[in-house]
Amino acid sequence: MRSFINVQDIGPLDKALAEAFEIKNDRYKYQHLGKNKTLMMIFFNNSLRTRLSTQKAAMNLGMNVIVLDVNAGAWKLETERGVIMDGDKSEHLLEAIPVMGCYCDIIGVRSFAGLTDRDYDYAETVLQQFIKYSGRPVFAMETATVHPLQAFADLITIHESWKESPKVVLTWAPHCRALPQAVPNSFAQWMNAADDIDLVITHPKGYELDPQFVGNARVEYDQRKAFEGADFIYAKNWSNPGVTNLADYGKITCEDRSWTVDSEHMSWTNNGKFMHCLPVRRNLIVTDDVIESPNSLVIPEAANREISCSVVLKRMLEAL
């Protein structure tokens, strides 16, 4: 596997899941693969779970790890070509990327959406430059439009709490800041790829995700109808994707607090499990009682980030 961005990159999901559970049973089984190999993790944005889980997965596989915080421990990087660099950015990404590639065997990149230029974000401009110029295998640690390591971990978590053909609901919830669509995009993409999952997406009108991620999922604008009989509720905010009105891209165009997931919402489900990628704004996305309930899977989800990344790194090491 040369790159890991979308669900198609992982191949058949049944094999990927089997590999995930194999690794979960013995996290150090493939430690020999990473001997004398180096992972470079490049962060353009803050991180907790991604940073810790990816580094732990690499160490489990015997790898050395270099972590670079672009905005805290490196020169400020220019990302656009044709710019006269007479401002505060001292180095261009097109020189920095091949230099980074000299010092490692695999690169992980985390770079969020700017939420001002939809075409720029959805072209995955920063990530694609790493793929093109680094000379190394590259995987996404969350990008402008996707977060595949999270979605893979979510799928692992659902399988651990499995019932046949579960109904899974991705619900929008309010937030005080404009957030990217990366997590809901990938969640929808991965749930669609799992043949036996009934995926429903619910959100206010105007918040439609890009059709390439929605796929065959059912869209229900009535949150209560969407929740009825659900086995899993995945709550996540996203800013306006600009699908129905490009001028709204990246903006908060709805602040309806009635979408906050509380105990009444969960009572509409089939004793449903609650999921969220974290970090979560309590009593905005979800109430205390729901996230602290026995049906909350947020900690197992976070733990499975180590497992999803282990599978991806293992596949990349095997292809070197």
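This is a predicted model: local features need pLDDT of at least 70, side-chain atom pairs count only at pLDDT 80 or more; totals for chains, interfaces and linings use all residues.
Residues are numbered from 1 along each chain as its sequence is written, and side-chain values use heavy atoms, with hydrogens and water left out.

- Five strands make an open sheet in the order 1-7-6-2-3, with parallel pairing (two strands pair if DSSP finds at least two bridges between them).
- The edges are strand 1 (3-4) and strand 3 (64-69), and each of them pairs on one side only.
- As for the numbering, helices (H or I, at least four residues) and strands (E, at least two) are DSSP runs, counted from the N terminus.
- Strand 6 (residues 106-110) and strand 7 (residues 138-140) run parallel and share 3 bridges, with Gly108 partnered by Phe139 of strand 7.

- How many residues of strand 2 are buried? The count is 6 of its 6, where buried means under 20% relative accessible area, exposed over 50% and partly exposed in between (1.4 Å probe, protein chains only).
- In a regular strand, side chains alternate between the two faces of the sheet.
- Here, Thr38, Met40 and Ile42 point one way from strand 2, while Leu39, Met41 and Phe43 point the other way.
- Strand 2 pairs with strand 3 in the parallel sense over 6 bridges, and Met41 stands opposite Val67 there.
- To get from strand 2 to strand 3 the chain passes through helix 2, in a right-handed β-α-β crossover (right-handed if, with the strands pointing away from the viewer, the path from the first strand over the helix to the second runs clockwise).
- Strand 2 also pairs with strand 6, again in the parallel sense, over 5 bridges; Met41 faces Gly108 in that strand.

**Helices on the sheet**

- Helix 2 (residues 49-60) lies across strand 2 (38-43), strand 3, strand 6 and strand 7, running at about 175 degrees to strand 2.
- Helix 6 (residues 125-133) packs on the sheet too, touching strand 2, strand 6 and strand 7, and its direction makes about 160 degrees with that of strand 7.
- Contact means heavy atoms within 4.5 Å, while axes are lines fitted to C-alpha atoms, for helices over the stretch in contact, with angles from 0 to 180 degrees between N-to-C directions.

**Salt bridges**

- The whole structure has 13 salt bridges.
- One of them joins Glu306 and Lys56, whose closest N and O atoms are 3.5 Å apart.
- Glu306 lies in helix 13 (residues 298-319) and Lys56 in helix 2, so the pair ties together parts 250 residues apart in sequence.
- Glu306 counts as buried at 12% relative accessibility, whereas Lys56, at 30%, counts as partly exposed.
- Glu142 and Arg110 also meet in a salt bridge (3.5 Å, N to O).
- Glu142 is buried, with a relative accessible area of 8%, and Arg110 is buried, with a relative accessible area of 8%.
- Back at the opening pair, Arg118 and Asp210 are buried.
- Glu19, Lys314, Arg315 and Glu318 are linked in a salt-bridge network.

Definitions and conventions:
A salt bridge is a side-chain nitrogen of Lys or Arg within 4 Å of a carboxyl oxygen of Asp or Glu.
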